[in-house]
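Biologist: Could you take me through this model step by step, giving the general idea behind each feature before the case at hand?

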There are 2 protein chains.
Amino acid sequence: MSVGNTFFKTAFSVDNVIFGFDNSSLKILLIKRAERPFKDYWALPGDLVFPDEDLDNAPKRVLKELTGLENVFLEQVATFGKTDRHPKGRVITVAYYSLVNIANVNPKAHSFANELAWHELSEIHTLAFDHMLIMQTCLQTLKSKVRTQPIGFELLPQKFTLSELQDLYEAVLGKPLDKRNFRKKILSLGVLLDQEEYQQGVAHRPAKLFQFDRHRYEEAKSMGYTFEV
Amino acid sequence: MSVGNTFFKTAFSVDNVIFGFDNSSLKILLIKRAERPFKDYWALPGDLVFPDEDLDNAPKRVLKELTGLENVFLEQVATFGKTDRHPKGRVITVAYYSLVNIANVNPKAHSFANELAWHELSEIHTLAFDHMLIMQTCLQTLKSKVRTQPIGFELLPQKFTLSELQDLYEAVLGKPLDKRNFRKKILSLGVLLDQEEYQQGVAHRPAKLFQFDRHRYEEAKSMGYTFEV
């Protein structure tokens, strides 16, 4: 390619914003960098994209290496490409976010990281590179999509109580919701299966368990149904 | 950078999906390629990103070169990076969409193109590279955002009739809307200024002109107002 000398000097990376929920707060999985630049800073997990690797495969590879998870919710959010975003060269990065059930994650140390841990979103104030901006952008996308698409369920166990679901929405949206209105609205959506089962081993009066009915949702959606919380 | 030899071999491009509306149909601006690959195919306008250019500046540069327009609606949509998407090397492309008032556009031939023209969306069946996929992705984004954000007004002249606004929504959403319900809903949003002016030089009874009140919208939005058509 005649323009090779001028243009083929950039690299791409992917960065993964992996959201989890632990029954009270929204968390993301961060690595502590073992190498310069930004040595010992917390950062989003990510990696350079291999020359022979489809872009959308790279975040799946990173997620699997870090957490062992496959086939979980993962979507591209935005691409960041300021010329000065990486001190060592021109690296454009594509950000993806995932929603995972924290209980399913067994974080393993990645070769780039000497430490890997869940962090509460509200407690993250500094990250390596432009990762604060990337994280905020993905959080805005989550906040906006959780109201109109049934993606919040990805963060919960398969069976959950209405209180757990409300806790999740409050954590994502960052504000309290009226209990009565929330229950009325969420049940009226018609996509929760009543499991006719109750919590076990809790100190308080056990609450009913529900499950998201994806089949019913997909069917209704094809007929123009809209999910809205 | 030690990984330079392996990774710094890719290039990025941007592709611009430039939407316009001509009072009856939704159109996009395409160029006919003068060079191989895909010589003589219609394609999305775009360019490689310069090594010293911030990513988000590249689509602004392309738009200005092609149309003379600056400071118009332009947003990043998605990034496409299959290994085989460009026959001449690894090129990852970032897609942006713009909404412009067709009357303001004075398309000039770009150095890459021997022809530049508006095409009706419904009449586009083949494009160079993976540009059909990119166009469809941007169209889906437009369809979804036009209902919840007041971006449709970007495609209209500053003053418009309610019929013109309805024609626009029908063209974007690809379906007819009930006239009475549409007017009721759009007026109830409280963001249209009645200009107390009428169309001029029309054969039928002149209709009233309206203008989108961005100031009122921004004020209401800051207090939790949501726009929804």
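Modeller: Let us begin with the contact between domains, where two residues are in contact if their C-beta atoms, placed from the backbone, lie within 7 Å, and where domain bounds come from an automatic or database domain assignment. In this structure, 14 residues of domain 1 of chain A are in contact with 10 residues of domain 2 of chain A. The model is a predicted one, in which local features need pLDDT of at least 70 and side-chain atom pairs count only at pLDDT 80 or more, while totals for chains, interfaces and linings use all residues. Residues are numbered from 1 along each chain as its sequence is written, and chains are lettered from A and ligands numbered from 1 in the order in which they are written.

Biologist: Which element gives the most to the side of domain 1 of chain A that touches domain 2 of chain A?

Modeller: Elements here are DSSP runs numbered from the N terminus, helices being H or I with at least four residues and strands being E with at least two. β1(A) gives the most to that side of domain 1 of chain A, with 3 residues, and both β1 and α3 (131-145) of chain A supply at least two residues. Counting Ala, Val, Leu, Ile, Met, Phe, Trp, Tyr, Cys and Pro as nonpolar, Asp, Glu, Lys and Arg as charged, and the others, Gly among them, as polar, that side divides into 8 nonpolar, 5 polar and 1 charged.

Biologist: Is strand β1 of chain A largely enclosed or open?

Modeller: A residue is buried if 20 or more other C-beta atoms lie within 10 Å of its own, exposed if 12 or fewer, and partly exposed in between, with C-beta atoms placed from the backbone. Strand β1 (residues 11-21) of chain A is largely enclosed by the rest of the structure, because 11 of its 11 residues are buried, whereas 30% of the 229 residues of chain A count as buried. The buried residues that point one way from β1(A) include V17(A) and F19(A), and those that point the other way include V14(A) and I18(A).

Biologist: Which strands pair with β1(A) in the antiparallel sense?

Modeller: Two strands pair if DSSP finds at least two bridges between them. β1(A) pairs in the antiparallel sense with strand β4 (residues 46-48) of chain A over 3 bridges, where V14(A) has D47(A) as its bridge partner. With strand β2 (residues 26-33) of chain A, β1(A) also pairs in the antiparallel sense over 3 bridges, and there F21(A) has L26(A) as its bridge partner. Strand β6 (residues 91-99) of chain A, by contrast, runs parallel to β1(A) and is joined to it by 9 bridges, with S13(A) standing opposite T93(A).

Biologist: How many residues of chain B are in contact with chain A?

Modeller: 26 residues of chain B are in contact with 26 residues of chain A. β5(B) gives the most to the side of chain B that touches chain A, with 3 residues, and by class that side has 12 nonpolar, 7 polar and 7 charged residues.
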